[in-house]
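Visitor: I would like to learn how to read aromatic pairs in a model. Please show me with an example.

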Amino acid sequence: ALPMMTCFIVLNKELVEVAYMRGSFDATSVEFTRWALICYALGTFSYTFQEILMKVFYSLKDSKTPMITSLISVIVNVVLDFALVGPFDYRGLAIATTIAITLNMIMLYISLEVKLGRFMNGRILLTILKSLASLILPVVATKWIVSMWYVTGGSLLMNLVVILAAVLAAGLLYFVCSWILRMDETKFLIDEYLKRKNKVGDKND
């Protein structure tokens, strides 16, 4: 979720231009849309994590807690919509949604810790920190590729290729950096790949 969130934030303007900038959708429209994308993108990690936590509660036969936290977050969302739309205009709606989703995630996490105890012992925080550190080099590479070859208002196909190249390069660098930092998720993927490769090799033999 963090790599996806970072991608939307770093490439916000370029993604909006490639997807929508044609006809009456001009530079002003791009500016409005990209800020909405950034505000919503900030909630990507919270949304993904809350979905995982909700599945944990359902597996524990507890549907009451997610229902209560979701109801609270909906109420907070409505209140923040009215509070933030004035000072932040359309961006206030996106910010309100992101805050409400993040609040729901925090409530679910705290409720789960109360229910099961400190079941992760800081592992989640360590994973997040490692993931953020692994994103530094990919972000730099992405910005460099885009600054070198992306042209606003240029060829749609060329700009699309540049964005895809930047995303692929960032993905590869993130994988390498996360492997260097010994992230459990990357180790799991490599182990699974090697297991499958060995099984295929055994069948061929």
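Guide: Rings of Phe, Tyr and Trp pair if their centres lie within 6.5 Å. In this predicted model, the count comes to five aromatic pairs. In one of them, Tyr 20 and Phe 25 lie 5.5 Å apart, centre to centre, with 35° between the planes, so the pair is tilted.

Visitor: How are the planes of Phe 49 and Tyr 109 arranged?

Guide: Phe 49 and Tyr 109 form a tilted pair, with 40° between the planes and 6.2 Å centre to centre. This pair links distant parts of the chain, 60 residues apart: Phe 49 belongs to helix 4 (residues 44-59) and Tyr 109 to helix 6 (residues 90-116). Phe 49 is buried because its relative accessible area is 15%, whereas Tyr 109, at 23%, is partly exposed. Phe 49 and Tyr 109 also form one aromatic cluster with Phe 45.

Visitor: Which residues of helix 4 are buried, and what covers them?

Guide: The buried residues of helix 4 are Thr 44, Ser 46, Phe 49, Gln 50, Leu 53, Met 54 and Phe 57. Their cover includes helix 1 (2-10), helix 3 (27-41), helix 5 (64-88), helix 6 and helix 7 (123-149).

Visitor: What span does helix 4 reach, and what comes just after?

Guide: From first C-alpha to last, the 16 residues of helix 4 reach 23 Å, close to the expected 22 Å. Just after helix 4, Lys 61 has a positive phi of about 60°.

Key. Residues are numbered from 1 along each chain as its sequence is written. This is a predicted model: local features need pLDDT of at least 70, side-chain atom pairs count only at pLDDT 80 or more; totals for chains, interfaces and linings use all residues. Side-chain values use heavy atoms; hydrogens and water are left out. Rings of Phe, Tyr and Trp (its six-membered ring) pair if their centres lie within 6.5 Å; planes under 30 degrees apart count as stacked, over 60 as edge-to-face and the rest as tilted. Helices (H or I, at least four residues) and strands (E, at least two) are DSSP runs, numbered from the N terminus. Buried means under 20% relative accessible area, exposed over 50%, partly exposed in between (1.4 Å probe, protein chains only). The expected span of a helix is 1.5 Å times one less than its number of residues. Contact means heavy atoms within 4.5 Å.
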